[in-house]
Amino acid sequence: MSSQSLYKASNFALDVLPTRLAHRIQALRNLPFIVVTNPNISKIHDNYMHSLSALMPFVDREVKTADEQQGVTDAMAGLLQRHSNTIPLIARGFLEVRNYVPTDTVTKFLDEHLRARIGTRLIAEQQLALHYASQPGATEDKASTNIGVIDTALRPADIIRDCESFVAEMVELKYGVRPFVVIDGQPDTEIAYIPTHLEYILTELLKNSFRAVAEEGNEREPIVVTIAPSPEYPSEKPLRNQDQGENGSPGVATGLGNAVPGVTIRIRDRGGGISEEHYAALWQYGFTTWTENEASDVVSSVSDPYGVIAGSGPGGSLAGLGYGLPLGRAYAEYFGGSIAVQSLFGWGTDVYLTLRGVGKT
Ligand SMILES: Nc1ncnc2c1ncn2[C@@H]1O[C@H](COP(=O)(O)OP(=O)(O)OP(=O)(O)O)[C@@H](O)[C@H]1O
Ligand SMILES: [Mg+2]
């Protein structure tokens, strides 16, 4: 991109991020006092204060020079870094105060907070990606289908294979068996999407299915992933922007094309399904059937949201936070998609992940 376009991207980020951070700080301060006094949650609050003050010097000024551009880019990198470890921190904080706050209050806060977080990170990540892709010396790959963090020709089948080997590794380590995925439908399907988002969602869904078949002793039965391209979405269907908080927090600039091809991915496992009682709690942040002693190795392997919960580090974390499904759904819904879970208790589970591409470019 030209310098002028890069400055424009930076000015956009500077336009929206301070307000977004301020809204997060306000929401944290509006939580019941006992929640805010929790060290983990107060750490989150401090991070936001820190990030907001790092952006303040750039507010109300336009980026017009290469120096200013570099300054903004450094601030974005700092912001992303500072907030990258926060999901396990948040999870631990709310776990510790769970006896003092109604579940509804927590769910409502977390849903809004984590959805807003997706958008905030995306804006910063996009600024950063565009900046670095435009530097002299950045490898100019004519075949590249990327625009910043968006891949305009992303093949879900490739991501599924990557996530499969990663998750299989974790399950093998834990249970000594290695479940596997069979892909059918139309594996050649491509969509325009953000690879890190799709990776996050698929890792979460596969972890759940792999764990279920391993615990059920059904690892010889394949986890069947069916990829079905959806017809282009008609323009009349308005995009439901989850990020638009009722307190007026700014949503992400969508600017999508009129019709965008999407995909539906069905993940079918023979892991025994989900009981009615558990099914009702599936979308609550923090709901898990992972047991206490198993959970101890989860909390100790704290890492970042694209890394940790998506499980990285030695052993990774296969389950235990109870954030995989609700946060995965938040990612899917961010661009107008969805996740639906259908359980055949005593047999297995079907998960339908529907994604809408991020627009014709
Ligand atoms: N495919 C599945 N088969 C059986 N049970 C499932 C399946 N997917 C989810 N579950 C149940 O739903 C619960 C919540 O899932 P979720 O992914 O939100 O959290 P988790 O896996 O316990 O922890 P994590 O945050 O690490 O993903 C799981 O603990 C499990 O009991
Ligand atoms: Mg999970």
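User: Buried means a relative accessible area under 20%, exposed over 50%, and partly exposed in between, computed with a 1.4 Å probe on protein chains only. What percentage of the residues in the chain is buried?

Analyst: The structure is a predicted model, in which local features need pLDDT of at least 70 and side-chain atom pairs count only at pLDDT 80 or more, whereas totals for chains, interfaces and linings use all residues. Residues are numbered from 1 along each chain as its sequence is written, chains are lettered from A and ligands numbered from 1 in the order in which they are written, and side-chain values use heavy atoms, with hydrogens and water left out. Of the 361 residues in the chain, the buried share is 49%.

User: How many helices and strands does the chain have?

Analyst: Helices (H or I, at least four residues) and strands (E, at least two) are DSSP runs, numbered from the N terminus. On that basis, the secondary structure of the chain amounts to 12 helices and eight strands.

User: Among contacts with a separation of 6 or more, what percentage joins residues 24 or more positions apart?

Analyst: A contact requires heavy atoms within 4.5 Å. For the chain, the share contributed by residues 24 or more positions apart is 81%.

User: Which helix gives the most to the lining of the largest cavity?

Analyst: On a 1 Å grid over the protein atoms alone, a cavity is a set of points where a 1.4 Å probe fits but cannot get out, and lining residues have an atom within 4 Å of a point. Grid points are joined across faces, edges and corners, and a volume is the space filled by probe spheres set on the points. The whole structure holds two cavities of 30 Å³ or more, and the largest has a volume of about 50 Å³. Three residues of its lining come from one helix, spanning residues 103-133, namely α6.

User: How do the lining residues of the largest cavity divide into nonpolar, polar and charged?

Analyst: The lining consists of L21, Y48, L79, H83, R117, T120 and R121. Ala, Val, Leu, Ile, Met, Phe, Trp, Tyr, Cys and Pro count as nonpolar, Asp, Glu, Lys and Arg as charged, and the others, Gly among them, as polar. The division is three nonpolar, two polar and two charged.

User: How far is an oxygen atom of ligand 1 from an N or O atom in the side chain of R211?

Analyst: R211 lies in helix α8 (residues 195-216) and counts as buried because its relative accessible area is 12%. A polar contact is a pair of N or O atoms within 3.5 Å; within protein, one must be able to donate a hydrogen and the other to accept it, and residues adjacent in sequence count only if both atoms are side-chain atoms. The side chain of R211 makes such a contact with the side chain of T289 at 3.1 Å. To the ligand 1 oxygen, the distance is 3.2 Å.

User: Which of the 22 residues around ligand 1 come nearest?

Analyst: A residue is near a molecule if one of its heavy atoms lies within 4 Å of it. An oxygen atom of ligand 1 is 3.3 Å from a side-chain N or O atom of E204, and a nitrogen atom of ligand 1 lies 3.4 Å from a polar side-chain atom of T349. The nearest residues are N208, D269, T288, T289 and Y323.

User: What separates the C-alpha atoms of G322 and T289 in space?

Analyst: G322 lies in the loop between α11 (305-309) and α12 (324-334), and is buried because its relative accessibility is 12%. Not counting residues up to four places away in sequence, G322 touches Q284, Y285, G286, F287 and T288. T289 is 33 residues from G322 in sequence, while the C-alpha separation is 8.2 Å.

User: Is D60 buried or exposed?

Analyst: D60 sits in the loop between α3 and α4. Its phi is near 65°, a positive value in a residue other than glycine. Because its relative accessibility is 80%, D60 counts as exposed.

User: Which residues does L28 touch, not counting those up to four places away in sequence?

Analyst: L28 belongs to helix α1 and is buried because its relative accessibility is 3%. H113 is 85 residues away along the chain, with 8.8 Å between the C-alpha atoms. The residues touched by L28 are V36, I41, I44, H45, Y48 and F109.

Definitions and conventions:
1 Å grid on protein atoms, 1.4 Å probe; cavity = no way out; pocket = protein on both sides within 12 Å on 5 of 7 lines; lining within 4 Å.
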